[in-house]
Number of protein chains: 2
Amino acid sequence: MKLATYRNGQPDGCLMVVSKDLSAATDVSALAPNLLQAMQDWEQVAPQLQQVSEQLEAGRAPRAVAFEPARCMAPLPRSFQWCDASAFLNHGRLMERAFNTPPIPDFETIPVMYQGASDDFLGAQDEVPMPDESLGIDFEGEFGVIVGPVPMGATPQQALGAVRLLVQLNDWSLRALGPREMKSGFGFLQAKPSTSFAPVAITPDELGDAWLDGRVRLDLEVEWNGEPFGHPNGREMNFSFGELVAHAARTRKLGAGAIIGSGTVSNAAREVGSACIAERRVIEIIDHGEPRTNFMRFGDRVRMRARTRTGELPFGTIEQQVVRAQSPES
Amino acid sequence: MKLATYRNGQPDGCLMVVSKDLSAATDVSALAPNLLQAMQDWEQVAPQLQQVSEQLEAGRAPRAVAFEPARCMAPLPRSFQWCDASAFLNHGRLMERAFNTPPIPDFETIPVMYQGASDDFLGAQDEVPMPDESLGIDFEGEFGVIVGPVPMGATPQQALGAVRLLVQLNDWSLRALGPREMKSGFGFLQAKPSTSFAPVAITPDELGDAWLDGRVRLDLEVEWNGEPFGHPNGREMNFSFGELVAHAARTRKLGAGAIIGSGTVSNAAREVGSACIAERRVIEIIDHGEPRTNFMRFGDRVRMRARTRTGELPFGTIEQQVVRAQSPES
């Protein structure tokens with residue numbers, strides 16, 4: 001099934017079940033007011049949501065309406081934990097060259113992962129406020145999972161079993177701030193503004209055999225200001241989501257609703273392009289001795305959508321514009 | 001006023017107002033079911049809680065009972081954001097020597113801060129499950145603030161105005177995992193298990209002139225297995241909480257209930273001791289050429305309490321035992 005969250009004036013929004021073709025939706029807030037609560041009560045709520053989903057497919061759902069992605073918040077507008085890995089080693093190796101940072105220890109055997117801010121996720125069509133164009137505004141196209149409770153010390157197999165929903169996301173980044181935060185050893189903070197999510201979160205069965213070995217084996221199409229930028233495939237992820245979730249749970253348990261991201265989708269084949277500007281820039285440096293692509297400007301737009309072999313868009317489309325943040329009132 | 005959270009089987013617990021002398025408490029879940037919700041609805045709820053607090057002091061609160069810290073969860077058992085700084089530069093400089101890491105850029109002018117896990121905070125008397133004694137189990141005594149909404153780009157003064165509650169906390173650390181995570185540039189993750197909190201969160205006015213310049217000017221007494229370990233004072237914090245909150249909000253807004261920590265309280269005067277083992281060990285290395293104090297073992301206990309000049313314990317006492325985590329069921 002597919003789930004979305006409509007804006008309703010509440011911080012966690014209103015839970016909606018969405019049809020597989022993204023044409024219709026129905027308000028299921030009577031079953032669970034929002035997705036955060038549904039994650040909490042999943043064992044009880046999921047079968048009820050599944051039943052509504054089947055009714056919706058059969059054209060028998062009560063109060064079905066046209067699905068409007070513009071009304072969507074992030075599927076989880078807030079959560080209690082958000083960890084983002086860098087599980088495509090091709091991207092990581094290129095970024096080391098871009099930032100001129102020393103090689104990360106055990107890079108090929110232990111995932112790298114930062115803890116992100118989970119108090120303000122953006123919806124798929126929300127404007128993206130940024131404080132300053134000079135900070136190196138960049139997108140990062142990724143996949144992610146939302147898990148149920150994960151005990152401390154879970155194995156990758158146990159962790160994979162805790163995956164309840166898959167998501168597609170844009171891990172907005174400010175490249176000018178990254179190197180200092182990496183050198184501090186404390187990791188990304190100001191370099192990672194609020195993250196954006198595609199309209200619908202989906203159960204893994206929605207992907208059929210494109211969900212395999214804990215990986216989302218779909219092309220992630222990225223367009224910047226209407227121009228194709230890249231379409232790398234999630235199958236080249238060097239760690240599975242089971243391994244990533246287990247890494248996050250090694251020394252503590254994870255609560256229901258924790259989100260774990262893949263890091264920028266990145267493929268070895270150059271011709272598929274990139275899912276972030278920084279990666280293209282470092283390839284330009286390698287090829288031409290200097291970067292030729294600038295970072296984003298206010299007013300720029302980015303579109304991201306994962307596509308199946310048969311042309312469907314299982315998560316819907318992220319389509320956002322970067323805007324100048326308003327100064328806070330003094 | 002002072003607020004606590006009693007266990008009630010729900011993930012966010014039950015909100016209690018506690019008397020200033022920590023002798024009595026009353027259930028205020030009819031006003032706000034839990035502190036997370038109260039943070040959300042603060043403008044409306046806080047005056048009602050304040051009224052109950054005044055009734056409690058006057059011996060007129062309905063359903064007042066003896067306050068039992070053993071029933072406490074963390075004041076916020078979960079939140080949507082938890083960022084912890086290292087704002088006592090004395091500690092940071094010693095830790096650089098301990099970890100033999102390169103100097104952090106702009107260490108004296110830009111706070112360092114990591115994003116922590118906020119999905120599983122521990123109560124003041126909860127057992128502390130750790131997976132392995134060999135990981136360098138350590139405590140870190142700290143102060144922190146809980147804020148209301150903070151807009152992106154807030155000034156330190158605006159940020160300080162958003163502080164609603166003060167907390168005292170133990171940022172549990174696994175020292176064997178820290179250096180690798182710092183070298184990765186992605187920051188602490190496995191090195192920071194679930195954080196513990198003293199029983200009550202308090203409004204800043206509870207501290208009188210011990211809350212000054214955005215700092216908690218109290219001695220933080222730390223005992224390890226019943227032996228005094230240190231009692232550094234919060235006044236030597238090199239960045240104010242206003243500066244720390246503004247740092248966290250530079251490139252995005254913070255939601256109500258975000259918690260910002262000070263980092264390990266640490267004073268230049270050697271004779272006051274330390275608030276974490278790692279700091280004592282590096283002082284031993286400096287003095288004797290080698291560390292003489294080992295990290296914690298299963299069964300060890302730690303007690304932390306901030307004390308006023310007149311002997312009160314405004315936040316109550318953290319008193320915990322480290323235990324071996326159970327293996328997850330396969």
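How many salt bridges does the rule find across the interface of chain A and chain B? The answer is two, and the views below, all taken from a predicted model, start from there.

**View 1. A salt bridge joins B:Asp120 and A:Lys253.** Here the two side chains meet, with 3.8 Å from N to O.

**View 2. Chain A and chain B share an interface of about 5,200 Å² of buried area.** Carbon and sulfur atoms give 59% of that area. Look for A:Phe80, A:Phe186 and A:Leu189: together they supply 17% of what chain A buries against chain B, more than any other three residues. In terms of contacts, 61 residues of chain A meet 61 residues of chain B.

View 3. H5(A) gives the most, with five residues. Sorted by class, this side of chain A has 30 nonpolar, 19 polar and twelve charged residues.

**View 4. A:Arg63 has a positive phi, near 60°, and is not a glycine.** You will find A:Arg63 in the loop between helix H2 (42-57) and strand E4 (65-66) of chain A. Its relative accessibility is 61%, so A:Arg63 counts as exposed.

**View 5. B:Asp213, also not a glycine, has a positive phi of about 55°.** This residue lies in the loop between strand E15 (211-212) and strand E16 (215-216) of chain B. B:Asp213 is exposed, because its relative accessible area is 55%.

Terms used: Residues are numbered from 1 along each chain as its sequence is written. Chains are lettered from A and ligands numbered from 1 in the order in which they are written. This is a predicted model: local features need pLDDT of at least 70, side-chain atom pairs count only at pLDDT 80 or more; totals for chains, interfaces and linings use all residues. Side-chain values use heavy atoms; hydrogens and water are left out. Contact means heavy atoms within 4.5 Å. Buried area is the accessible area (1.4 Å probe) that two parts lose on being put together, summed over both. A salt bridge is a side-chain nitrogen of Lys or Arg within 4 Å of a carboxyl oxygen of Asp or Glu. Helices (H or I, at least four residues) and strands (E, at least two) are DSSP runs, numbered from the N terminus. Ala, Val, Leu, Ile, Met, Phe, Trp, Tyr, Cys and Pro count as nonpolar, Asp, Glu, Lys and Arg as charged, and the others, Gly among them, as polar. Buried means under 20% relative accessible area, exposed over 50%, partly exposed in between (1.4 Å probe, protein chains only).
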